[in-house]
Amino acid sequence: MKLATLKQGGRDGTLVVVNRALSHCRAVPAIARTLQQALDDWEACEPQLRQVYEALNSDAFTAPDVFEPEKCHSPLPRAYQWADGSAYVNHVELVRRARGAELPAEFWTDPLMYQGGSDSFVGPRDPIFACSEDWGIDLEAEVAVITGDVAMGASVAQAAKSVRLLMLVNDVSLRNLIPAELAKGFGFFQSKPASAFSPVAVTPDELGADWRDSRVHRPLLVSLNGTLFGQPDAGCDMVFNFAQLIAHAAKTRELCAGSIIGSGTVSNKQGGLQGSSIANGGVGYCCIAEVRMYETIEAGKPQTGYLKFGDSVRLEMCDAQGASIFGAIAQTVQPYGN
């Protein structure tokens, strides 16, 4: 089942069911006006939403609405919880190697996670706004899940059962603001602006065998200014799966329905700078910082610049037949206020 939120009907938008081909949709106010309402009463709403989904796929509706991703908000325009992990330890290891720091052994057994701002996300076709290019604007291509209610202290097995929906996310980072923030010892804030999520959120069964072990086993396609930049497999080198990340987040607190848990930047282990780029036969990258890390390790300093105003990014994941699963996040970088 595929669900989306249109930018109409108030701050939290209007929930629509989208067909598998991402061509048509139907609003379902009699079932739930918003996605959060559906998540709050998932056991009752899910079967009704699925009936609409099946009808859309079988062309049972005489005049379904055309689905237009540019009219979408993120599936949850705002959420009670947005916690982003760092499940791809290869990415963390590269960051630390680039600055000459060892990777603590516990990073392989205990997930890193930060609590992001969830009061306002942006749509999948909205601009990436920043006040200055000097902030070091970077994309971070990730996968995320939306949970149902999760009890405090939930086991990994219990956490696995809480996954309701899957999405892609561009978790934008302002790299040049991060060092000063982390030096204060209190985590990210200014360096993590609003994230954008894919046009549609999908139930795990939509991925078939590609959803297993609480991981998504499909390449995540990242393009910069129309050129393929990365295509790492999201299921490969994911040290902590989503069930483990959810259980980690719920260790000392309950998670309410509609909580979003991110994977962190998707990253596959590769053979250094010369063998990691798409041009050299590698799988590329899901953020600019990663190629800069390879450059620093191998050449002594980074050479690739961060995003500039006017640059475009595109994130997408396709099934084995080449059809888009979540729709694409497609954004341009723009100065705020112009």
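One aromatic cluster is formed by Trp82, Phe121 and Phe197. The structure is a predicted model, and a search of the whole of it finds seven aromatic pairs. In the pair of tryptophan 82 and phenylalanine 197 the ring centres are 5.5 Å apart and the planes stand at 80 degrees, so the pair is edge-to-face, given that planes over 60 degrees apart count as such. Because tryptophan 82 belongs to strand E6 (residues 81-85) and phenylalanine 197 to strand E13 (residues 196-197), this pair ties together parts that are 115 residues apart in sequence. Both tryptophan 82 and phenylalanine 197 are buried.

A further pair joins tyrosine 114 and phenylalanine 188, whose ring centres lie 5.1 Å apart with planes at 75 degrees, so that this pair, too, is edge-to-face. Tyrosine 114 is found in strand E7 (residues 113-115), whereas phenylalanine 188 sits in the loop between helix H5 (178-183) and E13, and the pair therefore ties together parts that are 74 residues apart in sequence. With a relative accessibility of 15%, tyrosine 114 counts as buried, because the term applies under 20% relative accessible area. Phenylalanine 188, by contrast, has a relative accessible area of 29% and is partly exposed.

Key
Residues numbered from 1 in each chain as written. Predicted model: local features only at pLDDT ≥ 70, side-chain atom pairs only at ≥ 80, totals over all residues. Heavy atoms only, no water. Phe/Tyr/Trp six-rings, centres within 6.5 Å; stacked < 30°, edge-to-face > 60°. Helix = DSSP H or I, 4+ residues; strand = E, 2+ residues; numbered from the N terminus. Buried < 20%, exposed > 50% of the residue type's maximum accessible area, 1.4 Å probe, protein only.
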